[in-house]
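The following note is written for a colleague who is meeting this structure for the first time. The points may be read in order, with the sequence and the model at hand.

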Amino acid sequence: MKRTQGFTLIEVIVVFTLLAMIMAMIFSGIDSGRRTAEKGEQRITAINEMRVIQGIIRHQVSRAMGLGVVESDEGEMLKFIGDENAITFVAPMPGYLGTGGPHIQKLELVNADGGKILQYTHGLISNYDDENEQSAFDDAEPIVLLENIRDGVFRFVELDEEGLPTDWLNELENPVAMPLMVQLDLTMMPTAKEQWPLFQVAIQLDGSGTSARRRTSAINLLQQRNSNRGSEQ
């Protein structure tokens, strides 16, 4: 009488062990691919966010109007106030971002959570004669544009007494006049998904007079100077 042939218990255990190992390898590869795809999507999102933020800042700062932001103690109208932590200026606000017209606008680096945040405040410029009456800018709530900043600084280029562009300054020496260029240099925390590209923007004022031509020539000279420095490096 023939004996029925079959698998032994050890053979069955070996087969199931091999199947389990193969399935674990397959699922590990799928999970690794999923996490890689998620990281790629997060980085793309972070890059797009950086581009949007820089686009907003570039659009607003480049269109600074040269109107008085505040009156100094000497009775002069300060048109562009800037130091290493903040800039304040007047520029038109697109209707889709708020009430159209000239707005006082402020970009400021503020300490928060062991680092800094970049916040933006804007409010419609007013013609109030009463110094005690609050303007729309005074009542405005700041908007956080960017978090996870370890350190940062605003820098400026303006015209010196001879009409030539200065080097990058950490504070505007002549807030009565408009600067030529504004720079925002940020160092991001390790928790940030993307590094901040160095941001520089030229302020273009409308007009065809001598002052406008002088500014254009100075900006061209500054750009040529930066290009020469870049080629030397």
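This is a predicted model: local features need pLDDT of at least 70, side-chain atom pairs count only at pLDDT 80 or more; totals for chains, interfaces and linings use all residues.

1. Which side chains meet in a salt bridge with an N to O distance of 3.8 Å? They are those of Lys 106 and Glu 108. A salt bridge here is a side-chain nitrogen of Lys or Arg within 4 Å of a carboxyl oxygen of Asp or Glu. Lys 106 is partly exposed, with a relative accessible area of 24%, and Glu 108 is likewise partly exposed at 24%. The terms follow these cut-offs: buried means under 20% relative accessible area, exposed over 50%, and partly exposed in between, with a 1.4 Å probe and protein chains only.

2. Residues are numbered from 1 along each chain as its sequence is written, and side-chain values use heavy atoms, with hydrogens and water left out.

3. The overall architecture comprises three helices and nine strands. Helices (H or I, at least four residues) and strands (E, at least two) are DSSP runs, numbered from the N terminus. Along the sequence the elements follow the pattern α-β-β-β-β-β-β-α-β-β-β-α. Of the 233 residues in the protein, 32% are buried.

4. The count of salt bridges comes to two. Besides the pair described in point 1, Asp 185 and Arg 155 meet through their side chains at 3.6 Å, N to O. This pair links distant parts of the chain, with Asp 185 in strand β8 (residues 181–188) and Arg 155 in strand β7, 30 residues apart. Asp 185 is partly exposed at 28% relative accessibility, and Arg 155 is partly exposed at 24%.

5. Helix α1 (residues 9–62) includes Phe 27, which counts as exposed because its relative accessibility is 52%. Phe 27 belongs to a nonpolar surface patch of about 860 Å², made together with Val 12, Val 15, Phe 16, Leu 19, Ile 22, Met 23, Ile 26 and Ile 30. Patches are made of residues with over 30% relative accessible area and no salt bridge; like charges are joined within 9 Å, and nonpolar side chains (Val, Leu, Ile, Met, Phe, Trp, Tyr) within 5 Å. Accessible areas come from the Shrake-Rupley method with a 1.4 Å probe.

6. Asp 83 lies in the loop between β3 (80–82) and β4 (86–93) and is partly exposed, with a relative accessible area of 32%.

7. Is His 103 buried or exposed? His 103 is buried, since its relative accessible area is 3%. This residue lies in strand β5 (residues 101–112). A polar atom of the His 103 side chain lies 3.5 Å from the backbone nitrogen of Leu 124. Leu 124 is in strand β6 and is partly exposed at 33%.

8. The C-alpha atoms of Asn 111 and Ile 149 are separated by 9.2 Å, and the two residues are 38 residues apart along the chain.

9. Two backbone angles deserve a check. Most residues other than glycine have a negative phi. Asp 113, however, has a positive phi of about 55 degrees; Asp 113 is in the loop between β5 and β6 (115–124) and is exposed at 80%. Asn 148 has a positive phi near 60 degrees, lies in strand β7 (residues 143–157) and is partly exposed at 35%.

Terms used. A polar contact is a pair of N or O atoms within 3.5 Å; within protein, one must be able to donate a hydrogen and the other to accept it, and residues adjacent in sequence count only if both atoms are side-chain atoms.
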